Amino acid sequence: APMINMLNELIPVLDAQFDSVETTEARKMLANTLNRFYHVLFLYHDVKTKDTDAAWQNLAKSYDHKMSALPPWNAGFESQKIAATKQIFHRGFWPAGVGSNTEVPIFIIGFVRSGSTLLERVLDSHPQVVGTGENSVFNGQLDQIRNKIVETSMLGDAQALADVINSLADGVVYEMRQRWKMVATGEDRAAGRQEPLRYVDKMLTNYYNVGFVHMLFPNAVILHVAREPMDTLFSAFKHEFPSGTLDYTSHFPSLAELYHGYRDLMEHWDRELPGRVTHVRYED
């Protein structure tokens with residue numbers, strides 16, 4: 001393929017430049033370019049030629065460049081975060097009778113590349129359920145939710161806390177409905193599609209926040225989508241996510257720490273809130 005030939009000629013030139021440039025900014029720019037170019041070669045061999053050795057070599061080079069442009073992974077930080085969450089949320093933490101009675105939201109949580117989009121599409125195919133995509137309403141309001149709960153808890157007034165939690169839950173459901181009204185197409189209306197009864201809130205990293213979800217919505221369904229670990233990990237490793245926290249899935253030590261933390265926390269929720277989370281196997 002002409003494009004592949006062009007990349008094979010261009011990459012050694014850029015690699016030589018990368019070794020000789022001295023400014024951090026120029027190295028970063030070249031590293032990002034080489035990351036993308038090597039990743040294209042990885043995909044070409046992975047999908048087209050099926051040459052796994054060539055695919056792996058290009059993927060490894062792609063990620064060497066990618067990681068060289070990032071701050072080093074803060075090893076141990078994820079484990080501390082998980083430990084702190086487990087210390088706060090345990091049996092006896094959730095006051096009895098507190099939280100909204102609504103069953104409107106359906107939460108999908110899990111690790112990246114586990115099949116959550118497929119699960120959301122399956123649910124969305126039901127006429128009374130709508131998927132809201134990657135933009136979690138609950139997560140968008142989480143800072144406000146957390147601050148308000150902490151602030152009210154300090155007053156020591158159980159009724160005030162119950163009222164605030166109900167009001168916060170109502171706020172989440174209200175925004176879900178408003179969002180649907182804004183994006184509901186003319187086709188939906190022409191077809192007489194009723195306002196949905198359930199809204200899917202898919203934010204995988206809400207596995208950190210099951211404690212808050214349960215506090216606001218004790219009756220809402222929480223679906224944890226789980227895929228065979230090696231399939232999940234390799235799929236996360238080779239996938240190029242938009243830059244951000246998920247950059248560190250391109251490096252096995254950090255990917256392993258993230259995954260261990262996730263599994264550890266999911267086991268914690270099963271222990272402290274037995275039966276609260278419904279586990280869905282991607283393979284099923």
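Predicted model: local features only at pLDDT ≥ 70, side-chain atom pairs only at ≥ 80, totals over all residues.

Analyst: Residues are numbered from 1 along each chain as its sequence is written, and side-chain values use heavy atoms, with hydrogens and water left out.

User: What makes a set of residues a nonpolar core, and which residues have the most contacts inside the largest one?

Analyst: The name is given to buried Ala, Val, Leu, Ile, Met, Phe, Trp, Tyr and Cys residues joined through side-chain atoms within 4.5 Å, where buried means under 20% relative accessible area and exposed over 50%, with partly exposed in between (1.4 Å probe, protein chains only). The largest such core has 55 residues, and those with the most contacts inside it are Phe111, Phe138, Ile149, Tyr207, Leu216, Phe217 and Trp269.

User: Which helix gives the largest share of this core?

Analyst: Helix 8 does, with ten residues; helices here are DSSP runs (H or I, at least four residues), and strands are E runs of at least two, numbered from the N terminus.

User: How do you know that the length of helix 4 agrees with its number of residues?

Analyst: The expected span is 1.5 Å times one less than the number of residues. For the twelve residues of helix 4 (residues 77-88) this should be 16 Å, and the end C-alpha atoms are 17 Å apart, which agrees.

User: Which residues of helix 4 are buried, and which are exposed?

Analyst: Glu78, Ile82 and Thr85 are buried, whereas Gln80 and Gln87, on the other side of helix 4, are exposed.
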